[in-house]
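Reader: I am new to this structure and would like to learn how to read it. Could you walk me through it?

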Amino acid sequence: MIHHEGTLYRPPSEAQSLILQATLGCSYNLCTFCAMYREKSFRVRRLEDLKSEIAWAKKNLGTVRKVFLADGDALVAKARFLESLLDELNAAFPELRRVSVYASPQSLAVRTVEEMRRLAAKGLTLYYLGIESGDDQVLSDLEKGVDAAEMVRVANKAHEAGVKLSTMILLGAGGREASLRHARHSADVVNAIGPRFISTLVMTPVEGTPLWDKQQAGGVDELSPVELACELREFLDRLRVKGSVFRSNHASNYLALKGNLPKDQEALVGYLEGVIARPGEAHFAPEWIRGL
Ligand code: SF4
């Protein structure tokens with residue numbers, strides 16, 4: 001059997017993937033908005049246990065083309081451990097096309113380019129990276145643990161190793177006052193990285209997080225759907241990327257958009273301008289559908 005401990009999180013695009021918990025929890029676990037791994041202490045799982053799960057999956061699941069290594073930042077595990085895990089996956093699943101992982105900026109800082117290159121050669125070719133914001137003040141408020149320059153530096157290590165990046169920006173993370181600055185600086189950081197995939201989430205206070213406590217004390221300035229559309233318009237308009245896919249399909253978004261950049265950039269910005277001009281006609285997701 002595949003052993004899943006605690007709540008399992010994965011990116012929307014990994015819905016069809018085999019999910020293995022290579023590590024449990026998040027080794028950083030301090031971001032103010034993140035409730036995902038609060039209940040777990042970080043640890044690397046035993047390779048022998050993972051080998052048993054892979055053997056079970058080989059026997060019971062048939063063809064496996066994609067694998068996602070959970071939990072929050074499995075890239076932080078030792079490169080030798082990850083290489084052994086990838087060897088086992090490649091031996092078990094001849095049709096395996098891609099292995100992916102969440103990569104915190106802290107885990108990208110500890111892995112060398114050479115290690116990432118070796119792991120990519122064995123199939124670990126996509127990292128999901130929560131940039132959240134390109135604004136230093138917002139990053140500091142979120143306790144992300146890095147500033148914008150460090151975020152760009154570590155992300156580009158992955159590119160140097162030939163790994164694709166799927167990045168997330170947290171709309172509304174700067175509140176009303178920093179909305180424009182957050183949008184512009186986030187676009188600048190994304191431009192400096194040039195990721196293959198760019199997506200947005202909407203900052204949503206979740207119980208059990210410092211952000212929730214701040215909201216309960218009246219300290220969170222949450223943006224309305226129209227204000228979020230303005231922020232997203234500013235962000236998209238300022239992007240200068242080539243060959244990136246944009247998506248706002250995470251459940252926390254009020255508007256599910258998708259396009260290839262730069263081809264669809266003008267249309268996406270135009271659509272948002274229509275939403276801002278005529279919010280009554282916009283198809284915002286109702287609150288009961290949204291989630292984080
Ligand atoms: S690095 Fe990622 S998983 Fe860890 S606390 Fe921050 S947002 Fe959550």
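Author: Gladly! Keep in mind that this is a predicted model.

Reader: What holds strands of a sheet together in general?

Author: Strands pair through backbone hydrogen bonds, in either a parallel or an antiparallel way. Here, eight strands make an open sheet with mixed pairing, in the order β1-β4-β5-β6-β7-β8-β9-β10. At the edges are β1 (18-21) and β10 (258-261), each of which pairs on one side only. On average, neighbouring strands of this sheet are turned by 20° against each other, direction ignored.

Reader: Which strands does helix α7 touch?

Author: Helix α7 (residues 179-193) packs on the sheet and touches β6, β7 and β8 (197-202). The direction of α7 makes about 180° with that of β7.

Reader: At what angle do helices α1 and α2 pack?

Author: Helix α1 (residues 47-60) and helix α2 (residues 79-92) pack at about 15°, and their axes are 10 Å apart. Angles under 35 degrees count as roughly parallel, so α1 is roughly parallel to α2. The contact includes Leu-50 and Ile-54 of α1, and Phe-81 and Leu-85 of α2. By class, this contact has seven nonpolar, one polar and three charged residues.

Reader: Which residues are around the ligand?

Author: Among them are Cys-26, Tyr-28, Cys-31, Met-36, Asp-73 and Gly-130. By class, the shell around the ligand has seven nonpolar, four polar and one charged residues.

Methods: Residues are numbered from 1 along each chain as its sequence is written. This is a predicted model: local features need pLDDT of at least 70, side-chain atom pairs count only at pLDDT 80 or more; totals for chains, interfaces and linings use all residues. A residue is near a molecule or strand if its C-beta atom, placed from the backbone, lies within 6 Å of it. Ala, Val, Leu, Ile, Met, Phe, Trp, Tyr, Cys and Pro count as nonpolar, Asp, Glu, Lys and Arg as charged, and the others, Gly among them, as polar. Two strands pair if DSSP finds at least two bridges between them. Helices (H or I, at least four residues) and strands (E, at least two) are DSSP runs, numbered from the N terminus. Axes are lines fitted to C-alpha atoms, for helices over the stretch in contact, and angles run from 0 to 180 degrees between N-to-C directions. Two residues are in contact if their C-beta atoms, placed from the backbone, lie within 7 Å. Angles under 35 degrees count as roughly parallel, over 145 as roughly antiparallel, 65 to 115 as roughly perpendicular and the rest as oblique.
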